[in-house]
Amino acid sequence: MNSILRIFSAALMAVLFATSACADEVRAGDLVITQVWSRATPGGAKIAGGYLTIENKGTAPDRLIGGSGDFAGKVEVHEMAMNNGVMTMRSLDKGLAIEPGKTVKLAPGGYHLMLMDLKSPLKQGDKVPLVLEFEKAGKVNLSLEVQGVGAQAPAGADHSGQMMKK
């Protein structure tokens, strides 16, 4: 009887953990968006970075073209890259392509959202409403989870690369 109870308990825990992991994912058409986060900012800071993972489960490409939120005057899609030994950052005026069957990570040091003209500091633990705009999937409402000042990834996540190929 004890072994049956243990198996049942283990199965129940697996279901609960799977449910909580899926709760942080947002679907928009063929896109699955997860791990939406930012870092806390010091008082007076007017910019911050926004990070997330986008998976295209469809057969057609889509494009992240921008975003908005009441907390910032402007939200743009940016890229950081090394050019001749110098780190550069630029706005992706035509947006960021999300190819079918691929996963794109917006993470520190690579693709990211540039959150500009912040109206107040982002505080660790806050969940800030953010709207992303995609060429095909349209506008998507998300919640930006604010991590600590030096965070490299959201709690419990692995942000070891900018783009993973599936």
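Mentor: We start with the two rings and then move to what surrounds them. Keep in mind that this is a predicted model.

The structure holds one aromatic pair. Its members are Trp37 and Tyr51, with ring centres 4.7 Å apart. Their planes meet at 40°. Planes under 30 degrees apart would count as stacked, and planes over 60 as edge-to-face. The angle here is 40°, so the pair is tilted.

Now place the two rings on the chain. Trp37 sits in strand S2, which covers residues 31-39. Tyr51 belongs to strand S3, residues 47-56.

Follow S3 to its partner S8. These strands pair in the antiparallel sense, over four bridges. Within this pairing, Leu52 stands opposite Leu106 of S8. S8 runs over residues 102-106 and is mostly covered. Four of its five residues are buried.

Leu106 leads on to the nonpolar core. The largest such core has 31 residues. Leu106 is one of those with the most contacts inside it, in a group that also includes Ile54, Phe71 and Leu113. S2, S3 and S8 each supply at least two residues of this core. So do other strands, among them S5 (72-83), S9 (111-118) and S10 (127-134). In soluble globular proteins, nonpolar side chains tend to be buried together.

The structure holds four salt bridges. In one of them, Arg90 and Glu79 meet at 2.9 Å, N to O. Arg90 lies in strand S6 (residues 86-91) and Glu79 in S5, 11 residues apart. Glu79 counts as buried because its relative accessibility is 18%, and the cut-off is under 20%. Arg90 is partly exposed, at 48%. Another salt bridge joins Lys127 and Glu145, at 3.8 Å, N to O. Lys127 lies in S10 and Glu145 in S11, so this pair ties together parts 18 residues apart in sequence. Lys127 is exposed, with a relative accessible area of 57%. Glu145 is partly exposed at 28%.

Last, step back to the whole protein. Its secondary structure comes to one helix and 12 strands. Of the 166 residues, 38% count as buried.

Key: Residues are numbered from 1 along each chain as its sequence is written. This is a predicted model: local features need pLDDT of at least 70, side-chain atom pairs count only at pLDDT 80 or more; totals for chains, interfaces and linings use all residues. Side-chain values use heavy atoms; hydrogens and water are left out. Rings of Phe, Tyr and Trp (its six-membered ring) pair if their centres lie within 6.5 Å; planes under 30 degrees apart count as stacked, over 60 as edge-to-face and the rest as tilted. Buried means under 20% relative accessible area, exposed over 50%, partly exposed in between (1.4 Å probe, protein chains only). Two strands pair if DSSP finds at least two bridges between them. A nonpolar core is a set of buried Ala, Val, Leu, Ile, Met, Phe, Trp, Tyr and Cys residues joined through side-chain atoms within 4.5 Å. A salt bridge is a side-chain nitrogen of Lys or Arg within 4 Å of a carboxyl oxygen of Asp or Glu.
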